[in-house]
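Subject: Structure handover

Hello,

Here is the structure I promised to pass on. Please open it next to this email and follow along.

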Amino acid sequence: MIDYIDFSNRQNRFVTLSDVSNDYLSTIEKIAKEDPYYPSYHIAPHHGLMNDPNGLAFFRGEHHIFYQWFPLGPVHGLKHWYHVSTKDFIHFKDHGIALYPDQLYDSHGCHSGSAFVEGDKMHLFYTGNHLTEESVAIPSQVYGFLNEDQTISKENVIIEGTPAEFSNNFRDPIVFKRDKKYYMLVGGETSKNKGAIALYSGDQPNEMTYHGILQTNFKDAGYMWECPNYFEQNNCGVLIFSPQGELNKDKYQYNNVFSVVYCISDVLDVAKSKLNAYEYIELDKGFDFYAPQTYEDACGRRILIGWLGNSKSIYPTDQNMWAHMLTLPREVKIEGNRLVQQPLQELRELRAKGQDLQTNHQLTSRSFEMVIEVDQEFEIVFRNEDNETVVFSSNGEEYCLDRSKMTQVYAEEYGTKRYALRKQKEKHQIRLFIDSSSIEIFCDHGETVFTSRMFIKGMNVVCCHGVTGDLYPLNQIVKDTKPDFNI
Ligand code: FRU
């Protein structure tokens with residue numbers, strides 16, 4: 001038996017990998033991987049806590065995925081960047097830790113950031129977090145690049161501290177290029193406690209000048225905007241960000257502790273530092289979705305991956321020394337004035353032989369996909385022998401995802417049901433992806449998506465009414481061996 005670190009003592013969240021034994025790490029990894037709720041085809045941490053995807057990019061023929069990682073337990077502590085890559089989303093290379101918090105400017109965490117690929121170079125940008133002796137967090141926006149051996153060289157601090165209008169909550173840089181100039185967006189909180197994004201530009205990716213706050217026509221949207229992401233498609237600009245704070249909540253929107261929104265507008269006017277956008281739309285209707293990023297691959301597809309979790313809930317699996325996973329990769333497209341999401345085509349390769357869906361369908365696997373046609377009214381009940389359930393249903397007008405009768409109900413203070421107004425009222429196709437403790441539902445041709453964790457111990461049946469279609473057990477993704485951490 002090992003002694004777990006007591007993370008209720010906040011100092012312990014900054015314990016480093018070199019402070020613990022290999023025995024500690026292999027024990028917590030064993031506990032994590034033996035958890036029946038550990039996913040089989042989603043990216044999850046070997047142990048400890050993962051949160052935001054970072055540095056997503058298609059580079060040298062592979063999709064590169066980095067993510068925020070605290071190795072020692074299921075809490076937000078000293079963040080590293082972990083790195084995996086894949087050609088097909090079925091086979092994954094494990095590159096281990098890509099960024100260690102080993103400089104003064106990132107001594108308290110290598111926080112989120114992004115990649116920008118240019119020719120044969122992957123530029124990387126992240127926020128270094130340094131706590132002063134008085135516990136004041138000083139952010140630095142840092143530039144680095146990916147080496148041939150998959151390590152990252154940290155080159156220089158581009159911005160130390162924050163512009164005058166901002167508080168110290170200032171982070172998550174993303175860079176794009178237009179007409180030979182590089183532009184950087186950084187999310188933050190103003191000194192008047194409003195969410196905002198700062199715009200920078202430069203002739204080099206690692207030298208940036210401040211332009212001011214990105215102007216929008218939004219009414220208030222919370223006190224802090226995290227993880228901005230910006231791209232252009234069909235001559236439109238799409239801004240995605242994760243606002244914290246009260247948004248205009250009702251039955252159908254903004255019921256999670258923090259939200260993710262997007263807006264589609266004219267392309268960003270860099271000269272005026274302005275985005276001609278009036279309204280933002282919630283990107284996901286489930287319980288667990290945050291901090292997504294997007295990138296473009298070689299075929300020109302815009303791919304989105306998010307954090308399948310949120311930062312305030314205590315999850316039932318925390319006791320098994322791991323927390324969270326990433327969402328499935330999704331292709332995103334502008335359709336009309338909406339962003340639609342569809343699971344990436346490659347995921348079909350995970351399918352085992354399809355089964356005709358029965359009214360009471362006995363499950364042979366806890367990881368499966370359902371491809372179904374739904375009537376105006378329908379109900380899908382995921383269940384175990386003890387009648388513990390998660391239910392997805394529609395009365396024709398709205399969808400409802402109901403987690404109130406799962407084996408482990410948690411975060412009830414944020415409600416146990418999520419609703420969305422139904423856009424396609426007639427028969428249409430819905431796809432559901434269920435992994436050991438997650439569900440992702442794509443309805444309304446991808447306009448309405450629910451992303452959630454779900455905990456049903458020994459789930460063995462799915463009961464369907466008003467539904468026809470197929471169920472495909474899904475194979476595990478194939479991961480190569482974990483490299484040793486270079487402590
Ligand atoms: C979002 C976030 C980012 C930050 C990172 C730290 O979940 O709070 O703003 O960079 O997580 O892990």
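Below is what was found, region by region. Please keep in mind that this is a predicted model.

The ligand site

Start with the ligand. Gln68 has a side-chain N or O atom 2.6 Å from an oxygen atom of the ligand. For Arg171, the distance from a side-chain N or O atom to a ligand oxygen is 2.8 Å. For Lys79, a polar side-chain atom lies 2.9 Å from an oxygen of the ligand. How much of the ligand does the protein bury? Taken alone, the ligand exposes 320 Å², and the protein buries 89% of that.

The open sheet

Next, the sheet. It is open and has 6 strands, in the order β19-β1-β2-β3-β4-β32. The pairing is mixed. Which strands sit at the edges? They are β19 (322-323) and β32 (478-479), and each pairs on one side only. Inside the sheet, β3 (residues 80-86) runs antiparallel to β4 (residues 91-99), with 6 bridges between them. As a reference point, Tyr82 has Ile97 in β4 as its bridge partner.

The nonpolar cores

The largest nonpolar core holds 42 residues. Tyr24, Ile43, Ile65, Leu72 and Phe485 have the most contacts inside it. Which elements give two or more residues to this core? They are α1 (22-33), β1 (48-59), β2 (62-70), β3, β4 and β18 (302-307). The largest share, 4 residues, comes from β2.

Leaving out residues up to four places away in sequence, Ile65 touches Ile43, Asn54, Leu56, Tyr82, His83, Val84, Phe89, Phe92, Ile305 and Leu326.

Another core, of 41 residues, lies apart from the largest one. Its members include Trp322, Met370, Ala420 and Ile430.

Around β11

Now move to β11 (residues 195-204). Is this strand mostly covered or mostly open? It is mostly covered, with 8 of its 10 residues buried. On one pairing, β10 (residues 181-190) and β11 are antiparallel over 8 bridges. Gly188 has Ala196 in β11 as its bridge partner. These two strands form a hairpin with 4 residues between them. In that turn, Asn193 has a positive phi of about 60°.

β11 also pairs with β12 (residues 207-213), again in the antiparallel sense, over 5 bridges. Here the bridge partner of Gln204 is Glu207 in β12. The hairpin from β11 to β12 runs through 2 residues.

Backbone angles to check

Two loop residues have a positive phi without being glycine. Gln150 has a phi near 75°. Gln150 belongs to the loop between β7 (137-146) and β8 (152-160). Asp444 has a phi of about 50°. Asp444 is in the loop between β29 (438-443) and β30 (448-453). Is Asp444 buried or exposed? Asp444 counts as buried because its relative accessible area is 2%, and the cut-off for buried is under 20%.

Best wishes

Technical notes: Residues are numbered from 1 along each chain as its sequence is written. This is a predicted model: local features need pLDDT of at least 70, side-chain atom pairs count only at pLDDT 80 or more; totals for chains, interfaces and linings use all residues. Side-chain values use heavy atoms; hydrogens and water are left out. Two strands pair if DSSP finds at least two bridges between them. A nonpolar core is a set of buried Ala, Val, Leu, Ile, Met, Phe, Trp, Tyr and Cys residues joined through side-chain atoms within 4.5 Å. Buried means under 20% relative accessible area, exposed over 50%, partly exposed in between (1.4 Å probe, protein chains only). Contact means heavy atoms within 4.5 Å. A polar contact is a pair of N or O atoms within 3.5 Å; within protein, one must be able to donate a hydrogen and the other to accept it, and residues adjacent in sequence count only if both atoms are side-chain atoms. Accessible areas come from the Shrake-Rupley method with a 1.4 Å probe; for residues, only the protein chains shown count as cover.
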